[in-house]
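Biologist: I am new to this structure and would like to learn how to read its sheet and its core. Could you take me through them?

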Amino acid sequence: MNSVFDAIYSIWNQIIFAISNLRIPFDIIDILAMAYIIYKAIGFLRETRAGQLVKGLVILFVVYALAGWWKLATIQWVLSRVVDSAIIAAAVIFQPELRRLLERVGRTNFSKSQIFDSKTNRLAECISSVCKAAATMQEKRIGALIVFERTTQLGEIINTGTVIDAESSVSIINNIFFPKSPLHDGAMIIREGRIYAAACILPLTQRQDISAQLGTRHRAAIGMTENSDAVVLVVSEETGIISIVSNGQITRNYSAVSAEAELMSILVESDQNKKGNNVKQIINKILPNKKSGKDEGNDETA
């Protein structure tokens with residue numbers, strides 16, 4: 001029992017020592033970068049069959065650690081032979097995944113910071129798919145109601161529909177809103193560039209100054225944007241007109257091209273500007289303001 005407490009005490013001392021010797025901001029950047037790499041690696045493994053293999057290796061390492069703790073000599077000897085060749089075995093087992101990962105890194109355009117803007121790129125591709133699908137629905141007079149979630153979480157709205165959580169594509173969007181399909185009646189929710197849910201029920205606006213030409217879809221879109229910061233694209237079933245609703249205001253008569261440009265401006269460019277301003281504020285807090293230092297020197301000289 002004392003050995004357990006000694007181990008906990010030793011770990012606690014190491015944590016305190018690490019915190020006391022933390023170099024700000026360099027160690028924080030190092031930790032965040034490593035956390036991001038681990039996060040992306042886990043996400044990559046979840047997309048492939050390698051995830052199951054990783055679970056198996058983790059179990060082997062846990063058993064090996066327990067065998068050493070309980071002094072199970074035979075099991076420890078057998079597993080030690082497996083652990084010794086684990087690096088070579090991993091290279092062989094994960095060869096397809098490692099090759100795919102290296103190819104993805106090689107295709108990355110570092111000048112555009114695609115590694116850190118994967119969500120932005122996914123959202124831009126989703127907007128393109130939505131607008132291409134809207135063009136098809138406009139031509140065939142198929143109604144559609146597509147909600148782009150932003151900072152306000154739409155969990156209550158999602159619970160009224162069916163969760164899909166699929167990659168966005170023109171064919172999936174068209175199939176969902178195709179007349180008489182199981183999920184066509186209701187709104188589609190886009191979350192982080194993915195088709196997250198469909199057949200969702202939106203709150204209707206209570207405004208009385210809305211044109212009589214606008215039907216239930218448009219009223220639901222306006223009501224949704226009155227209660228959140230979401231942006232909604234509407235395709236009218238009667239006229240085929242594409243509309244975009246934001247902050248309770250509706251603008252109409254978009255083409256697929258102009259709708260894509262408008263959504264990119266609202267959802268991508270404005271968010272990038274906000275992130276850029278936040279980064280500048282953080283940098284200004286961390287680094288000393290040289291200009292203010294010069295001003296103070298001038299004041300002292302004066």
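Modeller: We will go from the sheet to a helix and then to the cores. This is a predicted model, in which local features need pLDDT of at least 70 and side-chain atom pairs count only at pLDDT 80 or more, while totals for chains, interfaces and linings use all residues. Residues are numbered from 1 along each chain as its sequence is written, and side-chain values use heavy atoms, with hydrogens and water left out.

Biologist: In what order do the strands of the open sheet lie?

Modeller: Strands of a sheet pair through backbone hydrogen bonds, either parallel or antiparallel. Strands (E, at least two residues) and helices (H or I, at least four) are DSSP runs numbered from the N terminus, and two strands pair if DSSP finds at least two bridges between them. Here seven strands follow the order E2-E4-E3-E1-E5-E6-E7, with mixed pairing, and the edge strands, E2 (162-167) and E7 (249-254), each pair on one side only.

Biologist: In which sense do E2 and E4 pair?

Modeller: E2 and E4 (residues 194-200) pair in the antiparallel sense over four bridges, and Ala 166 has Ile 195 in E4 as its bridge partner.

Biologist: Which residues have the most contacts inside the largest nonpolar core?

Modeller: A nonpolar core is a set of buried Ala, Val, Leu, Ile, Met, Phe, Trp, Tyr and Cys residues joined through side-chain atoms within 4.5 Å, where buried means under 20% relative accessible area (1.4 Å probe, protein chains only). The largest one has 30 residues, and those with the most contacts inside it are Ile 146, Phe 148, Ile 173, Phe 177, Leu 233 and Leu 263. Helix H7 gives the most to this core, with eight residues.

Conventions
Buried means under 20% relative accessible area, exposed over 50%, partly exposed in between (1.4 Å probe, protein chains only).
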